[in-house]
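Reader: I would like to learn how to read this model feature by feature, with the general idea set out before each case. Could we begin with the strands and how they are arranged?

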Amino acid sequence: MEDGQVLLYSNSVNAGVPKIPYPWLVFNEKVKVNSVFLRDSTGVSDSVLLLFGGNIERGGLDGHLKMLGGYLDFFMKPTLGDMYLSLKRELEELIQNKLLDPKLDIQFHNELLMAIRLLVSEDQCEGRFVFGRQLPASSKKAEKAKNVAGDGGGNSKNELQTLLARAGHEAPTYKTKQLKNNQFRSIVFFNGLDFVGQPCSSKKLAEKDAAAAALLWLKGETHSYSRNTDSSVLLLKKSKTINQNRIPVRDGKWN
């Protein structure tokens, strides 16, 4: 996160590989000369990263897992996300018990170990769970500029469409209205949900702002969305109280 783009050390075995067939690299050491170089690197799959790569947090949706405070996002079926969390918790408990009692026979936990071996060996290393990495913004204003992307930055519309496509959903649609002050406000629709952006100076920027609002909710950084469709009521049928303008999403499921 701090270094940005890095290079593999020239003596590394992986440095001579045209394309490393894994979505992630773990490394032992980094050295800064004129650039930052990684030494002793090894390619790993999503499953290895999720099970052995540090703390995992639940995101704002079922099946959304976050690492490093949201720098890495994983979206998957809710049951699969629950399985990763459960296996990781049981594995960490087993390792802790083994450290406390070196004579502990881990073969009594063979069912857990077999499940982990199967999960890791069957992972096709396609990296399909990960739909985006988000660098920590220095301020709310910088985050806003990044999402709206009016000055050549990242395109929130493209990011939203890519995320939905990889999750098996239809492309989002936009409805834009010109306001009385010659500004534009846009609404983005997908999977029965809709998100309203802020007024902008052009239709293009308004659509990007609406897409940015949707991305924030999908990544668990905000917990509300606009109530303009009947689907939102079905989505929140467990909620007894519905605000006229905004609905807090607590039981929402994005399958």
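Author: The general idea is that strands of a sheet pair through backbone hydrogen bonds, either parallel or antiparallel. Here three strands form an open sheet with mixed pairing, in the order β1-β3-β2, where two strands are taken to pair if DSSP finds at least two bridges between them, and where helices (H or I, at least four residues) and strands (E, at least two) are DSSP runs numbered from the N terminus. The edges are held by β1 (7–8) and β2 (24–32), each of which has a single partner strand, so one side of each is left without a neighbour in the sheet. This is a predicted model, in which local features need pLDDT of at least 70 and side-chain atom pairs count only at pLDDT 80 or more, while totals for chains, interfaces and linings use all residues. Residues are numbered from 1 along each chain as its sequence is written, and side-chain values use heavy atoms, with hydrogens and water left out.

Reader: Which hairpin has Leu68 in its turn?

Author: That hairpin is formed by β5 and β6, with four residues between them, and Leu68 in the turn has a positive phi of about 55°. Four bridges join β5 to β6, which run antiparallel, and the bridge partner of Lys66 in β6 is Asp73. From β6, Leu72 and Phe74 point one way, whereas Asp73 and Phe75 point the other way, and all are buried; buried means under 20% relative accessible area, exposed over 50% and partly exposed in between (1.4 Å probe, protein chains only).

Reader: How should I read a nonpolar core, and which residues have the most contacts inside the largest one?

Author: A nonpolar core is a set of buried Ala, Val, Leu, Ile, Met, Phe, Trp, Tyr and Cys residues joined through side-chain atoms within 4.5 Å. The largest nonpolar core in this model has 22 residues, and those with the most contacts inside it are Leu50, Leu65, Met67, Leu72, Phe74, Met76 and Tyr84. At least two residues of this core come from each of α1 (46–52), β5 (64–67), β6 (72–75), α2 (78–100) and α3 (110–122), and α2 gives the most, with five residues. Another core, of 15 residues, lies apart from it and includes Leu61, Phe75, Leu160 and Leu215.

Reader: How many aromatic pairs are there, and where do their members lie?

Author: Rings of Phe, Tyr and Trp (its six-membered ring) pair if their centres lie within 6.5 Å; planes under 30 degrees apart count as stacked, over 60 as edge-to-face and the rest as tilted. By this rule the count comes to four aromatic pairs. One of them, formed by Trp24 and Phe74, is tilted, at 6.2 Å centre to centre with 40° between the planes. Because Trp24 lies in strand β2 and Phe74 in strand β6, this pair ties together parts that are 50 residues apart in sequence. Trp24 counts as buried at 10% relative accessibility, as does Phe74 at 0%. Phe195 and Trp217 form a tilted aromatic pair as well, at 5.5 Å centre to centre and 45° between the planes. This pair links distant parts of the chain, with Phe195 in strand β10 (residues 193–196) and Trp217 in helix α6, 22 residues apart. Phe195 is buried, with a relative accessible area of 2%, and Trp217 counts as buried at 3% relative accessibility. Phe190, Phe195 and Trp217 form one aromatic cluster.

Reader: What span should helix α6 have, and is Lys204 buried or exposed?

Author: The expected span of a helix is 1.5 Å times one less than its number of residues. The 16 residues of helix α6 (residues 203–218) should therefore span 22 Å, and the end C-alpha atoms are 23 Å apart, which agrees. Among the buried residues of α6 are Glu207, Lys208, Asp209, Leu215 and Trp217. Lys204 is also found in helix α6, but Lys204 is exposed, with a relative accessible area of 58%.
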